[in-house]
Amino acid sequence: MEIRIEHLSKSFGKKQVLRDITFSAGGGKCIGILGANGCGKSTLLSLLAGVRRADGGAFYFENSNLFQDEKRRQHLVGYVPQGTPLVEELSGWDNLLLWYDRQTLKKELSDGVLKVLGVDAFLKTTVSKMSGGMKKRLSIGCAMAQKPPVLLLDEPTAALDLNGKKGILQYLFQYKKSGGLLIMTSHDPIELEMCDECYIMRDGVLHPFAYDGNIHNLMEKI
Amino acid sequence: MKKYLQLQFKRMRKTMVLVILVAAFLVCGIYAVYQATVTRWSAENSTEKFTIAMVGTADDALLRLGISAAQTMDASRFTVELVEMEEKQASDALYAGEIAAYIVVPDGFLDHALQGELIPLKFVSETGGKTILTVVKQELSAAVSNLVLSSEQGSFALYDALTALGHGDIAYQEMNNLANLYAGQIFNRDNLFSVEYIGVSEGLDFEKALLCGLSVLLLMLMSIPFAGVFVRDSYGLERLLCSKGVGAFKQVLSELMLYGLSMLILVTAAMWAFSKGAPKYLLAGIPVALCIASLCLMIYSITEHLVSAVILQMLLGVGMCFVSGCIYPISFFPASIQSLARFLPTGVIKTHFSGVLLGRSVQETGLLLTAFSVFFFTVCVGVRKYRIVHHKGGIL
């Protein structure tokens with residue numbers, strides 16, 4: 001499995017946010033995208049997720065351009081946005097029913113993705129009463145409904161405590177190991193450690209960056 | 001979209017208990033205000049003298065004499081005060097609540113009456129209730145009874161006079177002719193006057209106008225608990241839905257369908273509570289429910305915090321209801337505000353309800369409300385699209 005992003009561009013009025021973004025990645029990898037606030041990281045993910053349209057460029061999965069095949073993109077690409085994609089006043093079960101049919105949901109809870117995420121433990125809890133870690137695990141559970149081979153995550157462990165981060169990262173490791181491709185935006189060195197390739201976004205351009213665990217080097221680059 | 005619709009249904013179901021509690025509280029409060037106002041109004045009207053304007057009597061000395069006599073000698077002087085006015089002046093005075101009714105005496109009324117021809121008087125009132133009309137009918141019935149008695153006396157007097165003058169051969173026939181003429185007029189007394197109601201508000205009497213106005217206010221306020229469902233501080237769910245092909249249009253449409261349905265239930269329940277006529281209002285309530293639901297959704301879309309949304313909804317609801325004459329009779333406002341009120345959603349809803357109560361066609365107001373709904377819906381979709389892309393916590 002391979003994806004290729006070619007010459008992707010996006011402008012807001014006169015401001016060009018993304019310029020000629022090009023990179024490729026295969027299954028079982030994790031791509032980290034870093035950058036200052038407002039540099040265009042989330043815009044890039046939202047273009048790939050289909051939340052907004054790119055001005056130009058292509059997003060290939062194998063050899064088909066997903067920008068021209070909405071249905072396929074919806075099936076192949078999972079997306080976990082920064083804000084919680086959950087309805088606060090409903091239970092975990094009710095939220096999952098938005099994305100799964102009843103039978104699949106029961107199956108996933110017994111021996112599938114949701115079991116791995118540990119969602120079954122707080123299924124009947126109302127979202128508003130869940131911890132940040134629970135909400136994030138449930139959000140990933142929602143995004144994984146069609147078992148997409150590509151998962152886009154917008155700062156997946158932001159604002160979580162270490163325990164919360166641990167639970168999420170453990171699952172992401174497992175997803176990667178099973179052949180999934182992760183593309184995540186991040187500011188967090190812990191998240192970056194699981195990335196196979198890192199890019200820093202500056203002035204709308206992606207620059208490859210080898211993260212060696214030295215936070216001072218990273219800060220200088222950004 | 002179907003699953004999102006089901007999700008909205010679950011959210012509504014969770015909120016419905018609170019909505020019903022608020023609605024019950026508001027219904028009780030507003031019904032108490034309604035009852036108190038109507039009781040006070042009825043009490044004031046039962047102790048006050050009715051002022052009736054007479055139109056078309058100024059040029060006729062005999063009619064003026066009759067009015068003067070009625071005001072000084074007749075028993076009706078304790079309940080009715082008669083004043084002379086021009087028709088335009090009388091109409092304005094009626095709208096301003098200065099008189100209870102006016103009677104238009106047509107040209108040549110007396111000449112025709114003296115020839116035995118009865119031209120109906122026109123009775124114009126702002127109320128369809130039993131008050132002023134009952135008084136006038138009682139007065140006219142008493143007058144007709146006197147007329148019957150006098151006409152009998154007149155017939156016999158004619159017979160006596162003709163016999164005394166040596167015309168005994170034709171006396172009986174002439175007496176019969178005169179009696180027939182009287183009978184023809186007296187038995188036809190239903191045509192003594194025609195009644196026309198102009199109403200204080202779009203043809204409604206005080207009670208019904210108040211009912212319509214307060215219903216609109218009630219509907220604007222009782223959907224406030226829905227703010228908790230629709231005001232968002234995060235657009236994560238909307239973004240994820242968008243990435244799965246459920247865009248802003250489908251999202252807002254699903255929300256509007258459920259919200260509209262809930263509002264329709266509330267509209268029908270509110271009207272039933274007031275008038276026990278739910279089935280009648282169900283169909284007519286659809287454009288009203290859609291308009292209020294889309295207006296509220298628009299308010300929830302443009303505000304980002306629950307408190308702001310509730311305050312805005314309250315201010316907008318009460319403000320528009322006031323300007324539209326739902327709380328205070330619109331005839332007391334300047335003409336410019338009255339014109340403005342016609343184009344406010346609350347004003348159109350009130351006119352729509354008035355039409356339903358009076359059995360008039362409500363197609364025009366129904367279409368106008370639908371147009372309002374489409375406008376509010378379009379704004380909602382536009383704002384949702386903007387928020388999905390630009391809301392904080394997000395994209396840029």
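Is B:Gly29 buried, exposed or partly exposed, and how many other C-beta atoms lie within 10 Å? In the predicted model, B:Gly29 is partly exposed, because 13 other C-beta atoms lie within 10 Å, whereas a residue needs 20 or more to be buried and 12 or fewer to be exposed. The residue is located in helix 1 of chain B. Its C-alpha atom is separated by 9.7 Å from that of B:Leu218, a residue 189 places away along the chain.

Chain B contains 15 helices and 5 strands. Of its 396 residues, 36% are buried. When contacts in chain B between residues at least 6 apart in sequence are considered, 74% of them join residues at least 24 apart.

The interface between the chains involves 22 residues of chain B, in contact with 24 residues of chain A. On the chain B side, helix 1 (2–47), helix 9 (236–243) and helix 15 (363–390) each supply at least two of the residues that touch chain A. This side of chain B comprises 10 nonpolar, 6 polar and 6 charged residues.

The largest nonpolar core has 127 residues. The residues with the most contacts inside this core are A:Leu152 and A:Leu182 of chain A, together with B:Ala289, B:Ile292, B:Ala293 and B:Leu297 of chain B. With residues up to four places away in sequence left out, B:Ile292 touches B:Leu219, B:Met220, B:Ser223 and B:Met263. A second, separate core has 16 residues, among them B:Ala90, B:Ala100, B:Ala101 and B:Val104. In soluble globular proteins, nonpolar side chains tend to be buried together.

B:Val104 also takes part in strand pairing, with B:Lys122 in strand 4 of chain B as its bridge partner. Strand 3 (residues 101–104) and strand 4 of chain B are antiparallel and paired over 4 bridges. Strand 4 (residues 121–125) of chain B is mostly covered, with 4 of its 5 residues buried.

Helix 12 of chain B spans residues 306–323, 18 residues in total. The distance from its first C-alpha to its last is 26 Å, close to the 26 Å expected at 1.5 Å a residue. Its buried residues are B:Ala309, B:Gln313, B:Gly317, B:Met320 and B:Cys321. Viewed down the axis of helix 12 of chain B, these buried residues fall within an arc of 100° and therefore line one face of the helix. An α-helix has 3.6 residues a turn, so residues three or four places apart point the same way. The face of helix 12 of chain B turned away from the buried side carries B:Val307 and B:Leu315, which are exposed. After helix 12 of chain B comes B:Gly325, with a positive phi near 80°.

Helix 6 (residues 132–143) of chain A has 12 residues and reaches 17 Å from its first C-alpha to its last, close to the expected 16 Å. Because 11 of these 12 residues are buried, helix 6 of chain A is largely enclosed by the rest of the structure. The buried residues include A:Lys135, A:Lys136 and A:Arg137, as well as A:Leu138 and A:Ile140. Within chain A, the buried residues of helix 6 pack against strand 6 (77–80), helix 3 (92–96), helix 5 (113–117), strand 7 (150–154) and helix 7 (162–177). The buried residues of helix 6 of chain A also pack against helix 9 of chain B.

Chain A has an open sheet of 4 strands in the order 2-1-4-5, with antiparallel pairing. Strand 2 (15–26) and strand 5 of chain A stand at the edges with a single partner strand each, so one side of each has no neighbour in the sheet. Strand 1 and strand 2 of chain A run antiparallel and are joined by 8 bridges. Within this pairing, A:Ser24 in strand 2 of chain A is the bridge partner of A:Arg4.

A:His7 counts as exposed because it has 12 C-beta neighbours inside 10 Å.

How values were computed. Residues numbered from 1 in each chain as written. Chains lettered and ligands numbered in written order. Predicted model: local features only at pLDDT ≥ 70, side-chain atom pairs only at ≥ 80, totals over all residues. Pairing = 2+ DSSP bridges. Contact = placed C-beta atoms within 7 Å. Nonpolar A, V, L, I, M, F, W, Y, C, P; charged D, E, K, R; others polar. Core = buried A, V, L, I, M, F, W, Y, C linked by C-beta atoms within 7 Å. Expected span 1.5 Å × (residues − 1). Arc of directions from axis to C-beta.
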